[in-house]
Amino acid sequence: MLIVGDGVAARMAEAIARARSDDDVVSVIELAPQDIGGFDTSALGPATSETAIFPAIGPSALNFARFDLWAKLKLAGFRIGTLIHPAARCDASARFAEGVMVCAGATVDAGAYVGKGTIIGSGSLIGIDASVGAWCWLSTGVKIGPQASVGSHVVLGSGMVLADRAKVGDTCEIDTGTVCRGEYPTGTFISPEFPLPGAHLMRASREA
Amino acid sequence: MRALLKAVDYTSADVLAAEQSRLFRRLWIVAGFRATVDAPDAFLSHQIGDIPILIQNTRAGPRAFVNQCAHRQGAIQLADHGQRRMACPYHGWVYGDDGRVKSVPGNEANYGFCASTIQSLGLKPVHLRQVGGILFVNLADDPLPFEEQFTSTFLEQLAEISSKAGDDAIFAKFESRYNWKLNFENVVDWNHVPFVHAGSFAPLMPGVQRSVLDERHASPPPQPDEEIPDDLRELSYVVRAPFEFQEWPWHDSVERCGPTKEYTNVFIYPNVNYVVMAGVIHLIQQFCPVEPACTRVRLTMALGRRTRKLPAAAAILWSQFKAEKRVINEDVAVLEGLQRGLNDGSVRAFHGAYEHRLRRIAKTYRRLMVPR
């Protein structure tokens, strides 16, 4: 397993890869934040079927930075790995798309779905039949209630609780550290800088 | 030199009421970016003093109205922005492009209005004017001629800069515990930057650092009050300063109105600071009076008009918006502290030469505040 990433995300990925018994060799290429956008995959040599690569980039730019690196690696023919920590508890009926990372102590319940490239932090919980879209970042201890849904390119801050059947649209950041109920439309941003009612994308950006 | 305004100008409800009639119901006030209402039925709503305003894109282009239903004065649009036809959410009255009532649900059963009565009812129109990509409204029945508020040079600059603003935008509003005038004075006062924003904004703005700290730029003594001009048109102006913005690949995906390493301020009297960063990020800061010691700050950030697909537009807007708010929070802390200290016994502020813009603003403000 080759991990290409930055800071915390790269260390999280490395820890999972080393904890898994099926990974004989783990290598890490650490990128400085300013080098992520311009990373040239030719530096990795030719793509091979034996080595899986994991793009471990943090939630920068609503996870678009991770998505960009993933796209470059795919275009270059690399096989993208999935990292699930042995100490994560994932129900057999839970489904995981390519490039997912699930950290130690996380729980993914029956019928839950985790989309492509999403990173689930330590101690998080994805409830029964809940759905988390592609390119999301769930910080430590995030709880997604049963049948709740989260769109793509979403960042949920530490300790966030999304109540049962709550809905979060695409391209959102919710970092209130509290229980969120109801519906958060695409382009909703609630953070320490913008507490409730938060900031909101206007029409065109929501449709982009 | 003692400031021309007293503490009471920042703390009195009577002064605020006078400002409503003599400034905000008289002058042209920025409503927002034109591009954010480009779509059919797109709208912006706004509160200018105690008057709710609606800017709605109709088939005849953008129109402005008082955002109050002719029936029971409910707001036609409840949200700050969105895309929805002009229909009152309270009892369903629907309005046409000209603001006249188009239909009254259940008229025969519930209201019994004849056709001529319905035709006579409508939303109160508000004067609307577009300069480049910026929409202005004026609440007066007989608005001030535009050229009495702005110079032609300023309007040309504003049109050129703002015409590049696109429809990728993000919006937020929050309330701060200070008088609205303090916020406009603060953005005009460049000398606060190296002190208030020492750890955030200032290190990226080498021009401000130098001019503040270099003794060779010592200013001449301040002008006596009687020599300070009070021309309203001079209060809106454009300032460009070097700034260490980073070049990003996405900059090539939008139209630009200036170089990457430039920070542009467009001060629009009485209450708007329009900023352009790196020639590609447009930000309108509106300082709207709510109470003498309460200002509603409305922030709208837009990217330059897209020239190609920009899937990460939302992420770009959000990261820039957060960074900008952290800088604004530094100003808010200082201004709230200032406002808390104002009382009837406060002595007036003491101005130096560099504060000549503040003195012009104050002198013109006092002229405008004289009852007509």
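Before the first selection, one cut-off: a residue is called buried if 20 or more other C-beta atoms lie within 10 Å of its own, with C-beta atoms placed from the backbone. Keep in mind too that you're looking at a predicted model.

**Stop 1: a loop in chain A**

Select Ala61(A), in the loop between strand 3 (52-56) and helix 3 of chain A. Is Ala61(A) buried or exposed? There are 22 C-beta neighbours inside 10 Å, so Ala61(A) counts as buried. Now check the backbone: phi of Ala61(A) is positive, about 55 degrees, although the residue is not a glycine.

Asn63(A) is buried because 26 other C-beta atoms lie within 10 Å.

**Stop 2: the four-stranded sheet**

Next, pick up the strands around that loop. Four strands of chain A make an open sheet, ordered 2-1-3-4, with parallel pairing. Strand 2 (27-30) and strand 4 (79-80) stand at the edges with a single partner strand each, so each has one side left without a neighbour in the sheet. For a look at the pairing inside, select strand 1 (residues 2-5) and strand 3: four bridges join them in the parallel sense. Zoom in on Leu2(A), and you'll find Ile53(A) of strand 3 standing opposite.

Helix 1 of chain A lies across strand 1, strand 2 and strand 3, and runs at about 165 degrees to strand 1. Helix 3 of chain A lies across strand 1, strand 3 and strand 4, at about 160 degrees to strand 3.

**Stop 3: where two domains meet**

Colour chain A by domain: the assignment gives domain 1 as 2-81 and domain 2 as 84-191. Taken over C-alpha atoms, the centres of these two domains are 21 Å apart. How many residues of domain 1 are in contact with domain 2? The count is 15 residues of domain 1, in contact with 15 residues of domain 2. Both helices from the last stop come back here: helix 1 (7-19) and helix 3 (64-75) each supply at least two residues of the side of domain 1 that touches domain 2. Helix 1 gives the most, with five residues.

**Stop 4**

The bridge partner of Val168(A) in strand 22 is Tyr184(A).

**Stop 5: across to chain B**

On the way out, select Pro197(A), in the loop between strand 23 (188-190) and strand 24 of chain A. The peptide bond from Leu196(A) to Pro197(A) is cis, with omega near 5 degrees.

Then show both chains together. In all, 20 residues of chain A are in contact with 25 residues of chain B. Strand 24 (199-201) and helix 4 (203-207) of chain A each put at least two residues into the side of chain A that touches chain B. By class, that side divides into 10 nonpolar, seven polar and three charged residues.

Which strand of chain B is joined to strand 24 of chain A? That's strand 10 (residues 165-176) of chain B, which runs antiparallel to strand 24 of chain A and is joined to it by two bridges. Select His200(A) and look for its bridge partner in strand 10 of chain B, Phe171(B).

**Stop 6: inside chain B**

Two last picks. Leu44(B) is in strand 2 (residues 42-48) of chain B, and counts as buried because it has 29 C-beta neighbours inside 10 Å. Leaving aside residues up to four places away in sequence, Leu44(B) touches Ala31(B), Gly32(B), Thr36(B), Val37(B), Ile55(B) and His81(B).

Finish at Pro270(B), in the loop between strand 12 (262-268) and strand 13 (272-277) of chain B. Tyr269(B) and Pro270(B) are joined by a cis peptide bond, with omega about 10 degrees.

Definitions and conventions:
Residues numbered from 1 in each chain as written. Chains lettered and ligands numbered in written order. Predicted model: local features only at pLDDT ≥ 70, side-chain atom pairs only at ≥ 80, totals over all residues. Domains from an automatic or database assignment. Contact = placed C-beta atoms within 7 Å. Nonpolar A, V, L, I, M, F, W, Y, C, P; charged D, E, K, R; others polar. Pairing = 2+ DSSP bridges. Buried ≥ 20, exposed ≤ 12 C-beta atoms within 10 Å, placed from the backbone. Axes fitted to C-alpha atoms, helices over the stretch in contact; angles between N-to-C directions.
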